[in-house]
Amino acid sequence: MTRFTGKSIIVTGAGSGIGRAAALLFAAEGGHVIAADLTEGAEETARLIGEAGGTAKAIRIDAGSEPDVIAAVDLAVAEYGGLDIVFANAGISGGMANIFDTTPELMAEVLRVNLIGPFLAIKHGAPRIAEHARETGRGGAIVLTASVAGIRSGAGSPAYSASKAGVINLAAVAAQQLSGSNVRVNALCPGLTETGMTQGVFDYAREAGKIGKVGRLNPLRRGAQPEELARAALFLASDDASYVNGQALTVDGGLSSSHPVTRQEYGLTAV
Ligand SMILES: NC(=O)c1ccc[n+]([C@@H]2O[C@H](COP(=O)([O-])OP(=O)(O)OC[C@H]3O[C@@H](n4cnc5c(N)ncnc54)[C@H](O)[C@@H]3O)[C@@H](O)[C@H]2O)c1
């Protein structure tokens with residue numbers, strides 16, 4: 001038995017980056033995955049899982065659309081007999097516009113995908129997870145992808161940062177409102193990670209021979225790979241985190257552990 005043997009798991013944004021890495025890892029540990037994405041990446045992830053001997057179905061959804069989220073939940077229940085876990089991870093950056101260049105339409109679209117998406121995942125996923133938890137006697141979990149951008153400024157546009165701050169709060173509110181249901185809700189706050197969303201940054205730095213500068217502000221002095229975030233998401237979704245609820249887990253190489261000061265170099269850190 002592995003941590004997710006036989007568990008029914010929806011991953012949104014499963015077509016790329018952190019979502020794909022998590023879908024593959026869930027399936028490798030026996031999870032039955034619904035790979036949900038706006039793009040054909042959903043089918044590709046399901047194919048990769050199948051090739052590796054795992055179980056997955058793909059569905060094209062807009063994670064910020066209520067009927068689409070309901071369809072993903074219904075598919076999980078129909079295919080796998082219930083729902084245990086949702087990793088509400090789909091997100092968009094919306095670009096780097098400052099406040100004065102941000103239109104209300106851009107603000108609304110970023111909030112729709114990044115914040116209303118996780119809200120819908122809770123609204124429609126939690127009742128089914130709670131129902132299944134009552135039947136099986138096993139608790140369930142929802143993990144929402146927020147960002148270091150949601151903790152303080154400096155890591156995203158106003159729209160993106162506000163949306164991710166909302167996600168952190170949503171996890172706390174939902175954990176409280178699901179009291180007694182045996183469904184935990186937590187947020188994951190990634191730092192800079194090499195995915196579709198940030199590929200341009202990494203590619204540009206490599207071409208310019210400056211990859212060593214990417215992520216240099218954190219004490220690990222590098223960006224993350226998607227699997228490093230996916231493993232943290234799996235922790236929050238698993239029974240290893242059975243008493244972790246309503247929290248935001250920051251996985252950023254230590255970036256947010258300091259105020260912005262000139263780092264002192266001591267002993268080994270000077271190498
Ligand atoms: N990459 C980073 O540095 C970083 C840092 C902090 C937070 N995040 C967050 O991590 C999450 C995953 O992003 P990623 O970095 O893996 O990027 P990514 O672009 O590689 O993956 C995002 C996936 O979400 C899908 N998607 C976008 N809008 C969607 C919608 N409306 N409905 C369904 N699917 C949709 C995309 O098609 C894509 O497959 C996002 O919420 C992002 O905001 C990323």
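Helix H3 passes helix H4 in a right-handed crossing, where right-handed means that the near helix is turned clockwise from the far one by less than a right angle, and left-handed means anticlockwise. The model is predicted, so local features need pLDDT of at least 70 and side-chain atom pairs count only at pLDDT 80 or more, while totals for chains, interfaces and linings use all residues. Residues are numbered from 1 along each chain as its sequence is written, and side-chain values use heavy atoms, with hydrogens and water left out. Helices are DSSP runs (H or I, at least four residues), numbered from the N terminus.

**H3 and H4**

- H3 covers residues 66-80 and H4 covers residues 104-136; they pack at an angle of about 25 degrees, with their axes 9 Å apart.
- That makes H3 roughly parallel to H4, a label for angles under 35 degrees.
- Axes are lines fitted to C-alpha atoms over the stretch in contact, and angles run from 0 to 180 degrees between N-to-C directions.
- On the H3 side, Glu66, Val69, Ile70, Val73, Asp74 and Val77 meet Leu120, Ala121, Lys123, His124, Gly125 and Arg128 of H4; contact means heavy atoms within 4.5 Å.
- The residues of this contact divide into six nonpolar, two polar and four charged.
- Ala, Val, Leu, Ile, Met, Phe, Trp, Tyr, Cys and Pro count as nonpolar, Asp, Glu, Lys and Arg as charged, and the others, Gly among them, as polar.

**H1 and H2**

- The axes of H1 (residues 17-28) and H2 (residues 41-51) come within 10 Å and cross at roughly 30 degrees.
- H1 and H2 are therefore roughly parallel to each other, and their crossing is right-handed.
- Arg20, Ala23, Leu24 and Ala27 of H1 meet Gly41, Glu44, Thr45, Leu48 and Ile49 of H2.
- By class, the contact of H1 with H2 has five nonpolar, two polar and two charged residues.

**H1 and H7**

- H1 also packs with H7 (residues 226-237): the axes come within 8 Å and cross at roughly 55 degrees.
- H1 passes H7 in a right-handed crossing.
- Residues of H1 in this contact include Gly17, Ile18 and Ala21, and those of H7 include Pro226, Glu227 and Leu229.
- The contact of H1 with H7 divides into 10 nonpolar, one polar and two charged residues.

**Ligand**

- The ligand is surrounded by 29 residues (a heavy atom within 4 Å), and the closest are Ser16, Asp37, Ala63, Tyr160 and Thr195.
- A side-chain N or O atom of Ser16 is 2.6 Å from an oxygen atom of the ligand; a polar contact here is a pair of N or O atoms within 3.5 Å.
- A polar backbone atom of Ala63 is 2.8 Å from a nitrogen atom of the ligand.
- For Met197, a backbone N or O atom lies 3.3 Å from an oxygen atom of the ligand.

Definitions and conventions
Helices (H or I, at least four residues) and strands (E, at least two) are DSSP runs, numbered from the N terminus. Angles under 35 degrees count as roughly parallel, over 145 as roughly antiparallel, 65 to 115 as roughly perpendicular and the rest as oblique. A polar contact is a pair of N or O atoms within 3.5 Å; within protein, one must be able to donate a hydrogen and the other to accept it, and residues adjacent in sequence count only if both atoms are side-chain atoms.
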